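Have the structure open as you read.

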Amino acid sequence: MKLQKNKNIILGIDTSCYTTSIAAISLEKNIVFNEKIMLKVGKEAKGLRQSEMVFQHVNNLGIISDEISKLMKEYNVVGICVSEKPRPVEDSYMPAFTVGYNFAKLFSSMNNIPIYLTTHQENHIYASLYNNKLKQNKFISVHMSGGTTEILLVEDNKNELDIKIIGGSKDISFGQLIDRLGVKLGYNFPCGKFIDKNALECNENIKFGLKTSCKDGYMNLSGIENQINKYLEDYDEMYLSKLLMDTIVRSLYKSIKYLCNDNEIYEVIFVGGVASSKYIKNNLQNKLEREKVKCYFTESEYSTDNAVGCANIGVNKYIGE
């Protein structure tokens with residue numbers, strides 16, 4: 001029996017470097033399903049090989065598919081949207097995303113429903129847009145995740161994003177910077193939640209700030225790692241964490257302030273796992289809002305890897321057809 005129209009949903013799938021994610025959103029933009037499984041990283045490891053990601057994604061999709069079967073007894077899946085690659089550029093590719101793409105392609109064929117393609121970066125932006133309503137369709141997005149630190153000029157043209165890189169890191173990412181310190185301090189990878197907690201709970205004032213390198217919206221971050229490594233034996237993990245996070249905030253502040261003024265755009269949305277940091281949000285938001293820059297952060301479940309953005313994009317494409 002065909003289910004009622006208000007039971008129609010769009011599935012979203014994202015198979016990133018460290019998370020298998022599936023979400024479902026109704027055509028009225030209500031989230032009815034949001035499941036994700038973190039990929040397992042060995043103790044003291046600093047990441048996963050692509051082959052390991054692919055293997056774990058295949059297994060995790062098998063686990064989540066049981067939940068999808070239950071969901072389909074109550075809802076009518078009318079479309080599926082998947083991240084097929086990391087970024088919306090021609091040469092962007094990563095094997096991990098082929099798992100989600102082929103799962104979505106098979107699901108689309110078996111259920112005779114349309115498949116919509118997007119990218120991991122667009123997924124992140126639309127996940128943050130789910131609970132944030134911007135005043136303008138042109139804005140700046142700061143994408144900070146395990147391997148990415150990019151500042152983007154984004155224009156939303158009828159649910160199609162025009163994205164241009166205007167700033168970010170010229171070497172390593174903030175995620176790598178945080179994880180490398182965390183591993184040295186003995187935390188399990190990924191280390192963001194431990195470093196963030198330490199920084200928030202550290203009551204000691206920063207005695208000195210690490211030097212930052214920022215020019216025209218671009219940052220060199222490897223120098224920060226070299227500086228903080230010199231202090232590993234001199235300070236405890238709480239102070240070291242706060243020292244690093246303070247340096248990240250100051251670097252972002254300089255770059256974002258410059259780019260907002262240069263582009264005359266004063267709405268900034270933050271996406272990616274590093275953007276879920278409470279320390280960064282609390283300290284950066286205050287600094288930027290004094291410069292009349294409106295900051296949009298979102299809940300951790302939508303900032304870290306997820307498939308809500310994919311499902312959101314899928315709904316827009318389905319309704320727009």
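Helix α8 (residues 278–289) lies across β11 and β12, and its direction runs at about 155° to that of β12. Helices (H or I, at least four residues) and strands (E, at least two) are DSSP runs, numbered from the N terminus. Axes are lines fitted to C-alpha atoms, for helices over the stretch in contact, with angles from 0 to 180 degrees between N-to-C directions.

This is a predicted model, where local features need pLDDT of at least 70 and side-chain atom pairs count only at pLDDT 80 or more, while totals for chains, interfaces and linings use all residues. Residues are numbered from 1 along each chain as its sequence is written, and side-chain values use heavy atoms, leaving out hydrogens and water.

Now to the sheet. It is open and mixed, with 7 strands in the order β9-β10-β8-β7-β6-β11-β12; two strands pair if DSSP finds at least two bridges between them. At the edges sit β9 (213–215) and β12 (294–296), each pairing on one side only. From one strand to the next, the twist averages 30°. β9 pairs with β10 (residues 218–220) in the antiparallel sense over 3 bridges, and Ser213 has Asn220 in β10 as its bridge partner. Helix α3 (residues 120–129) also packs on the sheet, touching β6, β7, β8 and β11 (contact means heavy atoms within 4.5 Å).

Finally, find Ser108 in helix α2 (residues 95–111). Ser108 counts as buried because its relative accessibility is 9%, where buried means under 20% relative accessible area, exposed over 50% and partly exposed in between (1.4 Å probe, protein chains only). Not counting residues up to four places away in sequence, Ser108 touches Ile80, Ile113, Pro114 and Ile115.
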